[in-house]
Amino acid sequence: MTTKEGFLGRGWRFPIQPDSSGNIRLTEQDEGVRNSIFLILSTARGERLMRPDYGCGIHDLVFQPNTPSLRGTVQAQVRQSLIKWEPRIDVLEVRVDTRPDSPTQLIIRIDYRLRQNNALFNMVYPFFLSESFN
């Protein structure tokens, strides 16, 4: 496929919402890729019945203590999931940090390149190890 839309595609915007004419809102181009990354990271493996291996294994780590080892595991899980499920990007770097004021929250920073045009992007995905009642 040679067109931008052909490679990057179009798809439903999540959360699914109707537009002003009642049609499903769509997303496309680099916004669609960002949406896809968000969906991959937000989906626990086994959550989709017809595709049980889709998603990211970080959800199995909820309630684990926030240690350097855990952050390394999260980093590896995110990288592996994006490589497997998002063929439109090259994963350049995944960093996992913790906020001193919120030790139950991990900040996952992802740097990636669109394969179609080499455009560089980054995204931040917050991941909660447990609920905080502060």
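**Close-up views of a predicted model**

**View 1. Helix H3 lies across strands S3 and S4.** In this predicted model, H3 runs at about 155° to S3. Helix H3 covers residues 68-85, strand S3 covers 89-99, and strand S4 covers 102-114.

**View 2. Three strands, in the order S3-S4-S5, form an open sheet.** Strands of a sheet pair through backbone hydrogen bonds, either parallel or antiparallel. Here the pairing is antiparallel. Strand S3 (89-99) and strand S5 (120-128) are the edge strands, and each of them pairs on one side only. On average, neighbouring strands of this sheet are turned by 20° against each other, with direction ignored.

**View 3. Strands S4 and S5 pair in the antiparallel sense.** Nine bridges join S4 (residues 102-114) to S5.

**View 4. Tyr 54 and Trp 85 form an aromatic pair.** The structure holds three aromatic pairs, and the one shown here is that of Tyr 54 and Trp 85. A pair of aromatic rings is described by the distance of the centres and the angle of the planes. For Tyr 54 and Trp 85, the centres are 5.0 Å apart and the angle between the planes is 65°. This angle makes the pair edge-to-face, because the planes are over 60 degrees apart.

**View 5. The pair of Tyr 54 and Trp 85 links distant parts of the chain.** Tyr 54 sits in the loop between helix H2 (29-42) and helix H3 (68-85), whereas Trp 85 belongs to helix H3. The two residues are 31 residues apart. Tyr 54 and Trp 85 are both buried.

How values were computed:
Residues numbered from 1 in each chain as written. Predicted model: local features only at pLDDT ≥ 70, side-chain atom pairs only at ≥ 80, totals over all residues. Heavy atoms only, no water. Phe/Tyr/Trp six-rings, centres within 6.5 Å; stacked < 30°, edge-to-face > 60°. Helix = DSSP H or I, 4+ residues; strand = E, 2+ residues; numbered from the N terminus. Buried < 20%, exposed > 50% of the residue type's maximum accessible area, 1.4 Å probe, protein only. Pairing = 2+ DSSP bridges. Axes fitted to C-alpha atoms, helices over the stretch in contact; angles between N-to-C directions. Contact = heavy atoms within 4.5 Å.
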